[in-house]
Amino acid sequence: MTRDQQSPANERLAHPEDPFLWLEEVSGDQALAWVAERNATAVAELGGAQFDVLRGKILAALDSDERIPYPARRGEWLYNFWRDESHPKGLWRRTAPESYLTEEPEWDVVLDLDALAEAEGENWVWGGAKVLYPDRDLALITLSRGGSDAAVVREFDITRRTFVQGGFELPEGKNFVSWAYRDALLVGADFGPDGDGASTLTASGYPRTVRRWERGQALAEAPTVFAGEPQDVLVHAWADRTQGFEREFVAQMLDFHHKVQYEILRDELVEIPVPRDADSVVHEDWLFVRPRSPWTLGGATHPEGSLLVFDYEQLKKGEAEPRVLFTPDGSTSLTSFGFTLSYLVLETLKDVRSELRLYSLGDWEPAELPGAPQFAEISVLTTDPDEDDDLYLTATSFTTPTSLLVGSPESGLAVAKQSPAFWNADGVEVRQRFAVSSDGTKIPYFLVGKHLDEPRPTIQYGYGGFEHSMTPVYNSALGLGWLERGGTYALANIRGGGEYGPAWHTSVLRENRHLAFADFASVASDLVANGVCARDQLGAVGGSNGGLLMGVMATRYPDRFGAIVCQVPLADMLRYHLLLAGASWVAEYGDPEVPADRAFLAAYSPYQNVPGPEVRTPPILITTSTKDDRVHPGHARKLAARFEELGHPVLYYENVEGGHGMAADNKQTAFMSALSYQFLATRLGLHN
């Protein structure tokens with residue numbers, strides 16, 4: 001039995017101190033009745049004419065035909081997945097690059113998900129497609145019921161517009177799948193017990209083994225390529241079919257931040273000799289390595305966050321010397337890198353402002369990209385390294401609608417698509433400031449609003465985990481629900497993210513997590529001290545790991561905020577490792593089974609630290625999804641129940657669908673967004 005399948009009810013005797021353990025029974029009648037009652041209360045309190053108007057505006061923006069249809073390059077076609085009012089589940093479609101650049105591209109619908117869902121009587125939610133290379137006539141399509149992580153995989157014939165009868169198909173689960181070649185897949189799934197009786201899933205509920213599945217073969221008969229250990233996070237494999245560089249790889253994720261990567265050479269696995277905490281990519285003749293801790297090699301020490309390139313074949317022989325392509329400094333970090341036919345493309349941040357750098361492949365000479373916008377968040381959307389040097393980029397900011405730019409180093413970039421303005425940004429300013437945290441570290445944050453020199457209701461947003469950087473972005477829901485109405489917004493770049501490279505993240509792992517919480521609290525204090533808002537005007541919002549952050553703010557720093565929105569949170573940090581994918585995050589947070597770890601987790605775990613009724617806590621809205629099979633909805637349920645039990649002001653809403661994103665379509669997204677902004681507006685006094 002996997003952790004996904006465990007019934008928490010069976011563990012009640014082991015945890016008699018937890019009176020709300022029954023709320024972990026996701027589909028239990030008593031738990032669902034509790035949810036329904038609180039959903040009705042939240043809608044009754046926050047609904048009404050103003051809520052309906054806001055929800056309608058957000059939905060209109062989400063469904064607008066004027067939105068940019070973001071493409072994915074696949075050979076001669078640009079693919080796009082599109083949702084609107086007429087197609088709430090979505091269309092998978094494609095067009096030629098020349099047509100895409102026109103005002104009204106000629107879209108060829110490959111799969112109508114609404115029609116499929118109706119025909120099959122399933123609430124299918126799109127999970128993506130992997131197109132076969134180089135033929136590009138077949139795809140592996142992932143579909144989930146209601147938006148969960150667990151999904152089915154089905155082979156689809158793009159030419160005939162139909163699923164392949166008797167083709168590759170995986171049952172519902174947290175699978176991974178990759179084309180090995182036309183008639184074989186590399187697959188990870190729940191294969192049942194192995195020959196020794198051990199589960200083929202890890203303790204986190206992800207695949208532990210990789211199999212090579214040949215067409216026409218029963219899945220159970222597919223031979224095992226690699227088997228990891230039960231305590232690993234997951235194992236996955238992939239094939240590179242670039243002509244002249246055909247290779248297969250497998251990665252054993254030891255924990256969330258460490259892995260061993262192998263090349264599959266016939267019946268032999270050859271470990272790629274890089275640090276286990278490094279990010280590495282093999283591309284044609286080269287291996288690119290980004291170490292996440294200092295790496296001493298050949299007498300030189302390369303700092304974390306560098307980018308090194310090796311001759312791959314020579315490296316495997318132990319003969320290669322690295323070429324250093326990027327070295328971070330105190331303000332600049334590398335966030336990602338990719339390729340065109342002739343260039344390496346680096347995406348970097350300098351004090352949380354994006355920049356692009358290009359280098360010619362092989363000689364590593366710098367190259368220019370004429371037309372790249374300044375003072376905007378720029379990211380590479382798609383390329384085709386096998387075809388040409390064309391880049392499809394997005395450029396955005398807090399106040400400027402997103403642009404899509406197309407071009408190459410030779411031709412320069414030009415705006416190909418422009419998103420309309422969905423809200424009135426007249427008079428809205430953007431400033432960057434720095435707060436000082438409890439240990440003296442400077443914490444950057446962005447301030448956005450029309451009235452930055454006078455106290456206004458303010459939302460502070462943060463995440464602070466898993467090296468995920470928070471950068472400026474044009475957000476129509478934020479604009480409509482808050483900024484256009486005169487509210488102020490603060491985006492806090494606290495430690496735990498990747499804004500200043502790997503060390504910005506690793507400095508707050510495990511026993512040091514409290515520093516990330518102190519960072520967010522220091523930004524809150526800075527906002528009040530500088531007159532941006534009064535304490536009762538300051539709200540905080542965060543989801544997932546950011547939901548944990550919100551739970552800590554509500555329980556450990558309740559005097560800093562006037563209201564909090566806590567979305568799909570981790571909340572019971574003494575049991576998180578037992579619930580769904582929780583065991584995969586032990587490297588980030590610590591292991592509750594280890595006494596020393598349990599001690600520091602218990603010190604901040606929101607569920608165990610809700611204060612008594614004598615302490616004022618800010619009003620809190622807690623939201624989640626019944627279908628969230630990544631962060632168990634029991635976290636949110638139990639936290640709300642604890643606040644309620646102790647007499648604190650709390651509202652709770654649980655969407656039935658949507659998975660970890662809380663919404664399966666645009667209507668649900670608009671509803672959940674409007675619910676949060678309506679709650680914050682009423683609690684913080686935003687009356688426009």
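**Exercise 1. A serine in a helix**

Leaving aside its neighbours within four places in sequence, which residues is Ser673 in contact with?

Solution. The model is a predicted one.
Step 1: find the element. Ser673 sits in helix α13, which covers residues 666-684.
Step 2: set aside the neighbours within four places in sequence. Ser673 is then in contact with Ile58 and Ala477.
Step 3: check the accessibility. The relative accessible area of Ser673 is 18%. Buried means under 20%. Ser673 therefore counts as buried.

**Exercise 2. The whole chain**

Task: describe the make-up and dimensions of the chain, and decide whether its radius of gyration agrees or disagrees with that of a compact globule.

Solution. Step 1: take the secondary structure. The chain has 13 helices and 39 strands.
Step 1: take the extent. The C-alpha trace spans about 70 × 60 × 60 Å along its principal axes.
Step 2: A compact globule of 688 residues would have a radius of gyration near 26 Å. The chain has 25 Å, so the value agrees.
Step 3: look at burial. Of the 688 residues, 58% are buried.
Step 4: look at contacts. Take those with a separation of 6 or more; residues 24 or more positions apart account for 57% of them.

**Exercise 3. Surface and charge**

**Exercise 4. Backbone exceptions**

Task: describe the backbone at Pro134, Trp364 and Ser544, and place each residue.

Solution. Step 1: recall the general rule. Most residues other than glycine have a negative phi, and most peptide bonds are trans.
Step 1: take Pro134. A cis peptide bond joins Tyr133 to Pro134, with omega about 5°. Pro134 lies in the loop between β5 (124-131) and β6 (138-145).
Step 2: take Trp364. Its phi is positive, near 60°. Trp364 lies in the loop between β26 (353-360) and β27 (366-367). At 7% relative accessible area, Trp364 is buried.
Step 3: take Ser544. Its phi is also positive, about 65°. Ser544 lies in the loop between β36 (538-543) and α9 (545-556). At 14% relative accessible area, Ser544 is buried.

**Exercise 5. A threonine in a strand**

Is Thr209 buried or exposed? Which residues is it in contact with, leaving aside neighbours within four places in sequence?

Solution. Step 1: Thr209 belongs to strand β12, residues 209-214.
Step 1: the relative accessible area of Thr209 is 4%, so Thr209 is buried.
Step 2: leave aside the neighbours within four places in sequence. Thr209 is then in contact with Phe176, Val187, Gly188, Phe191, Thr200, Thr224, Phe226 and Ala227.

Definitions and conventions
Residues numbered from 1 in each chain as written. Predicted model: local features only at pLDDT ≥ 70, side-chain atom pairs only at ≥ 80, totals over all residues. Heavy atoms only, no water. Helix = DSSP H or I, 4+ residues; strand = E, 2+ residues; numbered from the N terminus. Rg over C-alpha atoms; globule rule 2.2 N^0.38 Å. Buried < 20%, exposed > 50% of the residue type's maximum accessible area, 1.4 Å probe, protein only. Contact = heavy atoms within 4.5 Å.
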